[in-house]
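Please consult the sequence and the structure shown below while reading.

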Amino acid sequence: MLFLSKMSQNLSDKEHKKAREAIMVHVREVVPYALMVAVASGLYLISQIFGKIEGGSLSYFQTLLSIKAFLGIWLGIRGINQKLFKINPWVFKSHFFPFSLVVIIILLSQFMYLR
């Protein structure tokens, strides 16, 4: 999607809008299914690596993994509702918020192994 912003430098407004919509039609078809696959595989991986809760509290790793799982599941539920049930819950005016959640999930993935 980042390259779409650069396309406007070479295309007229009308051409840019037409090209953007042509690409977005396909993106809207693929992304919700990709989210569902990511959530399903993430849930499986959590079941394999979460580990036992010892000492009555979560470890640093388990805490970050739980936050990451919550954000991923939230995005997955949104994708499932949108694609399978044809409802568009939690409508966003832009993709900044969902994109931010994905960036946070990636960062959490990196920080989980620091300690």
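In which helix does Ala 69 lie? Ala 69 lies in helix H3.

The model is a predicted one, in which local features need pLDDT of at least 70 and side-chain atom pairs count only at pLDDT 80 or more, whereas totals for chains, interfaces and linings use all residues. Residues are numbered from 1 along each chain as its sequence is written, and side-chain values use heavy atoms, with hydrogens and water left out.

**Overall fold**

The chain contains four helices and zero strands, arranged along the sequence as α-α-α-α. The radius of gyration is 18 Å, well over the 13 Å that the globule rule gives for 115 residues, so the chain is more spread out than a compact globule. This radius is taken over C-alpha atoms, and the rule is 2.2 Å times the number of residues to the power 0.38. Helices (H or I, at least four residues) and strands (E, at least two) are DSSP runs, numbered from the N terminus. Along its principal axes, the C-alpha trace spans about 60 × 35 × 20 Å.

Buried residues account for 25% of the 115 residues. Buried denotes under 20% relative accessible area, exposed over 50%, and partly exposed the range in between (1.4 Å probe, protein chains only).

**Nonpolar core**

The largest nonpolar core has 10 residues, among them Phe 50, Phe 61, Leu 101 and Met 112. Helix H3 (60–83) and helix H4 (96–111) are the elements that give two or more residues to this core; H3 gives the most, with five residues. Such a core is a set of buried Ala, Val, Leu, Ile, Met, Phe, Trp, Tyr and Cys residues joined through side-chain atoms within 4.5 Å.

Apart from its neighbours within four places in sequence, Phe 50 is in contact (heavy atoms within 4.5 Å) with Leu 58, Gln 62, Leu 65 and Ser 66.

**Two residues in context**

Arg 20 lies in helix H2 (residues 13–49). The table gives the accessibility of Ala 69 and Arg 20.

| Residue | State | Relative accessible area |
|---|---|---|
| Ala 69 | buried | 17% |
| Arg 20 | partly exposed | 34% |

Ala 69 and Ile 105 are 36 residues apart in sequence, with a C-alpha to C-alpha distance of 8.3 Å. For Arg 20 and Leu 101, 81 residues apart along the chain, the C-alpha atoms are separated by 23 Å.
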